[in-house]
Each structure stands twice: as structure tokens, then as C-alpha cells.
Protein chains: 2
Amino acid sequence: MREREVLRLLAQRLEVGDDCAVIPFQGTNLLLTTDMVHRATDLPKGASAYTIGWRAAAVSFSDIAAMGGRPLGLVLALGAPQFERGFIEELLAGLEACCHLVGAELLGGDLDRHQELTLVSTALGLADRPILRSGAKAGELVCLTGPLGRTAVALKLFRSGQLERANELFRFTPRVQEGLRLAPFASAMMDISDGLARSLYQLAEASGVGFRIEYEEVPVLPEVEELAADERARKEMALFTGEDFELLFTLPEERLPAAREAAELFVIGQALPGKRLTLVEAGKEAELADLGYEH
Amino acid sequence: MREREVLRLLAQRLEVGDDCAVIPFQGTNLLLTTDMVHRATDLPKGASAYTIGWRAAAVSFSDIAAMGGRPLGLVLALGAPQFERGFIEELLAGLEACCHLVGAELLGGDLDRHQELTLVSTALGLADRPILRSGAKAGELVCLTGPLGRTAVALKLFRSGQLERANELFRFTPRVQEGLRLAPFASAMMDISDGLARSLYQLAEASGVGFRIEYEEVPVLPEVEELAADERARKEMALFTGEDFELLFTLPEERLPAAREAAELFVIGQALPGKRLTLVEAGKEAELADLGYEH
């Protein structure tokens, strides 16, 4: 059996199919989600300690946001090769700033010496009605909370040494406010941590629908236009690069005006009967490639 | 500033002073605790995948037990250098068996490729009245839920190649049942994951009391007597070796008969006014060394 298949098997047993585990509790639901961030895979050279701490918290809060949940608190397991005061204080400051931003508390953690800098954040949240990935219906609109390309641009800037802007982009704001405001309207929701295309396939599979996406309607950051060498690179950054953490959601067309009042949103396509996922570009419709970020 | 001091500073900000973070919620309390277990520090050569999975879950459930809590569920972040089917299936089987044992659910997790096998388990629990470390009062009895030396013996057996018994000892039972049964009587409680001596100092500091411990009353596993080369080695295994995960607690003397009905327990000493921690051995009382396991 190939490693890829083992991974899939494992994912089926460990992943809950949604961004958080949902634990019904006293008439509401607790949400629990855990995320590992470590040097080799997730942290480019040039990311500051503050940014690393921030991002470790933000990825977990994004999972709470993706279910329309309110974050209560966070615990952190931190393994580091050495405990140097400046680095650790900056890291904690970033972590705490992100907690503060979403109104959650840093509740505690565990420390360990580890050859590779490794942070595992676990967020606890609350949702009376968690928005699952499985609720999208044919005919509904497909929407995003913001422009894509943030992490793709940040990685490019890290590589070219433009560290200040790169760090700023890397410290994304988890869409907690947007998730809470959109929850009354959304039929299905997730964050697009694995890239838009991969996320659309996941949403489609969970809901049993297809999607038609209008490429021209997919919003991207201005830097994507600036930094993409050609159209192919632009598309890669917009559709297939992971870790953007905007929310992807569906809603019935008649709820659109009210949803627009609640939060900024971008309609990028429509849910359709069947299983096909297509991309409309310059008037031509073709299959959307199922490519994206794999952890 | 020395690394040791940075670690202490960090611990003050990340550690909650108790085995779990306590989140008051709808008239009860949620408990949340996270623990990192990884190859270099925590997993001896010869530990089976089943044992590794079990232990990753057990260390977090032990923290829930230490507050008299009931575990609800667990999430796991797993980083591994490769995903080989047999290994991963055994690991998950061990993890699930430990969850099953304490009546908790494996709720989900996160997968990542990591150079070093790294497991971070986070347990969620519940306690109407969490037992803190700060409640011990002078005059009360100091007790243990079981004999010590389990991990010390296991590590010795791993080194000498007696893997079956070593693995068995390493898969300790988190004292969830005992914690729940003793909670109505205990004034302070913790697990002794850092060794008995270190844990006594932590309990003493949190409660503002001293302790007098009777060395002859500290129960140890029969293997400690067999495997300890001399009296010094015996004492090392009983008092100063970490990761035993029995519960250490205090209770008023008049509650002892009722507590004994509730769970097996061993009285090992008494809480005293002041700050001194002493060990009585062969009729002589001397200061208890503040040595133990440091992560």
C-alpha cells in the first residue's frame, strides 16, 4: 500500500469531515480543533517569532471561524531546540495578540525541548448551530469572505527578502467576525486552508453537489497581479495555493442581500446538481483541476 | 539570562498552575490540557506503536484525572517521518483503546509530515468542582493512588530488551476512576508526572504548606525492589523518577475511612504548617531533595 493511501486511510479516521470536532453539550455545541505548525513545512525563513506565534494561533481560530463558532480559548504545545528569551517572548506576544484579536484566552500549554521548532495549537469554541461542509444545495451561490493569494504572495516576498510585508501578510486575521455574522445565512462553510480548488472539491463531496466557478469573479490581492509572472502563475496563486484562510461558503440566492449587510463577501459561482466542478474563463467552461496544497 | 530562567518565565505564562486549564461554563467547568510526546525525549527504543498511541492519550487523560474530572474527548496532532500502514494502524489502535478505557471519544486530529515522530494530544474534560493544587491544609494526610516506579522500571526493561513487560508497564492506566471517586474527599490533587519529590514541592508551593513524608510508607512496584541495584537506586526510582502518573492528593484525616471505601489509597505523610519538606527514613527526618524530572 502506498504512503498516499495510508495517509488517506488515516485522514478518514482522524479527520472529522469538518474544520472542528463538534461535541453537543448542554443545548449548545463545543468545537475543538488542533493544528501542527512546524519549521520545515510551515514556517519560511524570515518569518519572525511574533509572526510564528500569531500564525500558530490563527490557523486554529480559522477552523472555529469556519463553523460559525465563537472561540473561547487556546492551549499551545511548544517544542523548541532552545529557549532564547527574546525569541520566546516575541512568539508568546504574537500568540497572545492573535488570541486578543478574536476575544479568546491563552489558557495554558506544554513545553518540551524539540530538535525542530514545533507548535501545536488547540482551540476550543462554541456554536449553537455549527455550519458544516455538508449543507450546500444545488442552485445556491458560492461565496468568499475576501481576496485570495495572501500566503502565495507572502512566500514569494519571503524568498525575495521583503520580510516586513511578507510577515504582515503571513499574520492573517482569522475570519471569526465574518463567520459569526454569516452563520445565520450560510448553508455550508469551511476555510480554504488547502487552496480554493481543493476546498471546493471537499465542499462538493461533503454536500453531494457540483460547482461552476467564474474565474473572473474570484477576488485576488493586488500583489497577485503584480507578482505573477504570467497568467499561469496568477491562476496558481489564486486557485491552487494553500493556506489562505478566507471562508468559503454557500447560501441561498434570496439570502444574498441580507448576507451582504452582515459582512463583505464575493460571489464566485453556483452550486449545481451532479458532481462536476467547472471553471468558466473567458466564456469557456472547463473542468476545474483538483490540485492544491497537501500537508 | 540562562536558558533555565527563560524556561521558568515561559512556564509561568503558559502553565496554569494546575494540571488542566479550567474554563467555567454554564454552571460547570470545562477542562483542557495538551501534552507533547516525541521520539527523542519520551519514547524509548522498543516502545511499540500501540504503546506510543496509548501513552500519548494517557498522559492527557491523567491531567483530567488529576483534577477529579471526567474526560469527554481527545484530539491528536500527529507528525511522522513516514506513514507506514502497520505502524500507523497500531498507533491509532493504542490511542483508541486508551480513549475507550476512560470512556472518552477520539474526536479528530491533524496530520503532518515531521522529521521526528511527534504526538500532541489534547483532552477535553468536565468537572463540577475541579480539585486544584492549592487546597492542601496543614494537618491533612498526603496520599497516593498506587505504587511508584512504573516508568523507571519500564525504562530499565526497555534497555535490557524485556520489551513485552516494558511496553505493558509503559501503557499505564490514567487514574480517571480514582480521581472521580476521590474528588469528594480530596482537598488538593495532581498527577506525579514529574516524580514524587518534584510533585510534592509543586503541591507545597501552590498550597502554602510543608510536608513530612514517611519513606517506608511510599509504595513501590515489586520490580523496583528486584531491579534496584542498591538503596540509592531504589530511592531514585521511588522518589525522583518522573512520569509515574499516579495521583498525589491530600485529605482531612476524618475523611480517610470514607475515601478508603471509594478507592485504594496509600497514606505517605502529612501536611504541616511552614514551608519545609522532609523525608523520614529509619526514624531520622531530613530535608527532601527537590530533584525530579524536567521536561
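These are my notebook entries on a predicted model with chains A and B.

**Entry 1: symmetry**

**Entry 2: the contact between the chains**

I looked up how many residues take part. On chain A there are 47 residues in contact with 47 residues of chain B. I went through the elements of chain A that each supply at least two residues of this side. The helices are H1 (3–14), H2 (39–42) and H4 (85–101). The strands are E1 (21–25), E2 (28–38), E3 (70–80), E4 (105–113) and E5 (118–126). By class, the residues on the side of chain A that touches chain B are 23 nonpolar, 14 polar and 10 charged.

**Entry 3: the sheet of 5 strands, chain B**

I traced the open sheet E1-E2-E5-E3-E4 in chain B and noted that its pairing is mixed. Strands E1 (21–25) and E4 (105–113) of chain B are its edges, each pairing on one side only. From one strand to the next the twist averages 15 degrees.

I followed the pairing of E1(B) with strand E2 (residues 28–38) of chain B, which is antiparallel and has 5 bridges. Within this pair, Pro24(B) stands opposite Asn29(B) in E2(B). The loop between E1 and E2 of chain B holds Gln26(B). I noted its phi, near 45 degrees, as a positive value in a residue other than glycine. Gln26(B) has 10 C-beta neighbours inside 10 Å and so counts as exposed.

Next I looked at the helices on this sheet. Helix H3 (residues 49–65) of chain B lies across E2, E3 (70–80) and E5 (118–126) of chain B, and runs at about 35 degrees to E5(B). Helix H4 (residues 85–101) of chain B packs on the sheet as well, where it touches E3 and E4 of chain B. The direction of H4(B) makes about 155 degrees with that of E4(B).

**Entry 4: H3 against H4, chain A**

I took the helix pair in chain A. The axes of H3 (residues 49–65) and H4 of chain A come within 6 Å and cross at roughly 35 degrees. The crossing of H3(A) past H4(A) is right-handed. From H3(A) the contact includes Tyr50(A), Trp54(A) and Phe61(A). From H4(A) it includes Phe87(A), Glu90(A), Leu91(A) and Cys98(A). I noted the classes for this contact: 16 nonpolar, 3 polar and 1 charged.

**Entry 5: the sheet of 7 strands, chain A**

I moved to the open sheet of 7 strands in chain A. Its order is E7-E9-E6-E10-E8-E11-E12, with mixed pairing. Strand E7 (188–191) and strand E12 (284–287) of chain A are the edge strands, and each pairs on one side only. Ignoring direction, neighbouring strands of this sheet are turned by 25 degrees against each other on average.

Val280(A) has Glu285(A) in E12(A) as its bridge partner. Helix H8 (residues 196–207) of chain A packs on the sheet and touches E7, E8 (210–214), E9 (247–251) and E11 of chain A. The direction of H8(A) makes about 150 degrees with that of E7(A).

I also checked Ala282(A), which lies in the loop between E11 and E12 of chain A. Its phi is near 50 degrees, a positive value in a residue other than glycine. With 6 C-beta neighbours inside 10 Å, Ala282(A) counts as exposed.

**Entry 6: strand E9, chain B**

I finished with strand E9 (residues 247–251) of chain B. Because 5 of its 5 residues are buried, E9(B) is largely enclosed by the rest of the structure. Leu247(B), Phe249(B) and Leu251(B) point one way from the strand, while Leu248(B) and Thr250(B) point the other way.

Strand E6 (residues 141–144) of chain B is joined to E9(B) by 4 bridges and runs antiparallel to it. Leu141(B) has Leu251(B) as its bridge partner. Strand E7 (residues 188–191) of chain B is also joined to E9(B) by 4 bridges, again antiparallel. Here the bridge partner of Ala188(B) is Thr250(B).

Methods:
Residues numbered from 1 in each chain as written. Chains lettered and ligands numbered in written order. Predicted model: local features only at pLDDT ≥ 70, side-chain atom pairs only at ≥ 80, totals over all residues. Least-squares fit on C-alpha atoms with pLDDT ≥ 70 in both. Pairing = 2+ DSSP bridges. Axes fitted to C-alpha atoms, helices over the stretch in contact; angles between N-to-C directions. Contact = placed C-beta atoms within 7 Å. Nonpolar A, V, L, I, M, F, W, Y, C, P; charged D, E, K, R; others polar. Buried ≥ 20, exposed ≤ 12 C-beta atoms within 10 Å, placed from the backbone. Left-handed = near helix turned anticlockwise from the far one by under 90°.
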